[in-house]
Amino acid sequence: MIFKTNRKKIFSTIVCLTFLFLSVFAQTYRFRYYGNESNIPDGFVYTINQDNNGYLWVGTRMGISKFDGFEFHNVAFPDSAAGRYPTASIRDSQGNLWFGCNDGTIFFTGKNGLNKLPVQNNMSISALATAPDGSVWAFPQAGEIYRIDPADQEDVKIFRAGEGDMFFSAAFTPSGDLLLGTQEYIKVLNIMSDTLVLRDTVGGFNYSSITSLQRLKDSDWYLAGTNGSGLYKLNLSGEVKSLSRLSGSDELAYLDVQAIYEDQDDICWISTNGSGVLRLRISPEGADMYSSGFIDQNSGLPANNIRSVFRDQEGNYWIGHFGEGLSMLPSLSLAFYSPGMTPEASN
């Protein structure tokens with residue numbers, strides 16, 4: 001027991017010193033900035049995704065825009081609704097993009113542009129997720145939950161996860177259980193035919209909403225972000241669940257997390273309100289955490305209110321600001337080359 005306690009103290013100390021070191025010696029990057037002068041529809045960027053043809057789809061407060069590498073082109077919704085904007089997006093196993101909107105509508109891409117999903121819902125879509133079987137799930141803030149077959153968009157099943165809860169985030173376990181982030185806890189649900197059965201409830205989030213859930217690749221660990229209580233590690237494997245708060249420093253403990261994105265290199269990009277973007281890597285067994293620090297105004301960003309991060313097919317990172325448009329970090333900005341014996345290695 002003494003060993004475990006000391007290990008926790010040592011771990012917290014290392015994390016705290018790491019963040020202190022990184023904040024003192026912050027690295028500056030050269031971003032490409034896309035603001036009002038670039039014809040982006042609006043500076044409030046909610047979601048970013050990419051289709052199979054390489055076009056970047058950007059969801060803003062003024063609607064969806066498609067970026068071809070040079071210009072932004074507005075994408076019209078198939079109806080004339082005013083005030084609609086996308087709040088979440090995802091790409092399914094068929095290569096189609098899905099968008100959930102603030103007015104409760106859901107759209108997917110096809111040969112004829114955007115197509116509307118035939119559901120009756122007026123609650124803003126908080127999250128979209130894909131299940132292990134490839135189905136697409138849409139989560140309004142409350143009420144009904146939708147499961148869609150991406151090969152047959154007319155095949156929509158409706159579920160309810162209980163009364164009185166607000167839904168902010170969602171993720172699936174490898175076995176197909178559903179995790180729902182609510183205003184105070186995470187609900188663990190079994191999907192039984194057309195019914196969601198509550199299996200467990202995970203509390204201990206300091207009365208904060210769970211705004212983002214991300215399963216770490218090739219592991220049994222999940223990273224949960226909250227609106228003001230920072231980050232938590234969650235493990236649901238085995239009979240006893242494990243929940244721990246990442247709180248090595250005040251800056252880490254009270255993060256207002258907007259989204260968590262894990263890239264192909266297993267690095268988690270934590271979008272925050274007020275603190276920029278935090279980069280973390282957590283070991284598969286969940287014991288160790290490595291931080292590359294914050295990317296913020298000190299690093300070259302125009303502002304610290306970040307809503308989303310996305311890595312494109314060429315390895316560039318796109319950072320969606322909440323009010324300041326888009327910042328693009330070229331792929332080579334994070335590369336490191338050691339000197340070698342050839343001209344290429346020494347370039």
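**Labels and their grounds**

Guide: In this predicted model, Ser 65 has Asn 74 of strand 5 as its bridge partner.

Visitor: What makes strand 4 and strand 5 a pair?

Guide: Pairing requires at least two bridges between two strands. Strand 4 (residues 63-67) and strand 5 are joined by four bridges, so they count as paired, and they run antiparallel.

Visitor: Which sheet has the order 2-3-4-5?

Guide: An open sheet of four strands, with antiparallel pairing. Strand 2 (45-50) and strand 5 (72-75) are at its edges because each has a single partner strand, which leaves one side of each without a neighbour in the sheet. On average, neighbouring strands of this sheet are turned by 25° against each other, direction ignored.

Visitor: Why is Cys 101 called buried?

Guide: Buried means under 20% relative accessible area. Cys 101 has 0%, so the word applies. Cys 268, at 2% relative accessibility, is therefore buried by that cut-off too.

Visitor: How many disulfides are found in the whole structure?

Guide: The search finds zero.

Visitor: What lines the largest pocket?

Guide: Its lining has 48 residues, and Ser 89, Ile 90, Leu 128, Gln 214 and Ile 260 lie nearest the centre. Several strands supply at least two lining residues each, among them strand 2, strand 6 (86-91) and strand 10 (125-130). The pocket holds about 1700 Å³ of space. By class, 22 lining residues are nonpolar, 19 polar and seven charged.

Terms used. Residues numbered from 1 in each chain as written. Predicted model: local features only at pLDDT ≥ 70, side-chain atom pairs only at ≥ 80, totals over all residues. Heavy atoms only, no water. Axes fitted to C-alpha atoms, helices over the stretch in contact; angles between N-to-C directions. Disulfide = S-S within 2.5 Å. Buried < 20%, exposed > 50% of the residue type's maximum accessible area, 1.4 Å probe, protein only. 1 Å grid on protein atoms, 1.4 Å probe; cavity = no way out; pocket = protein on both sides within 12 Å on 5 of 7 lines; lining within 4 Å. Points joined across faces, edges and corners; volume = space filled by probe spheres on them. Nonpolar A, V, L, I, M, F, W, Y, C, P; charged D, E, K, R; others polar.
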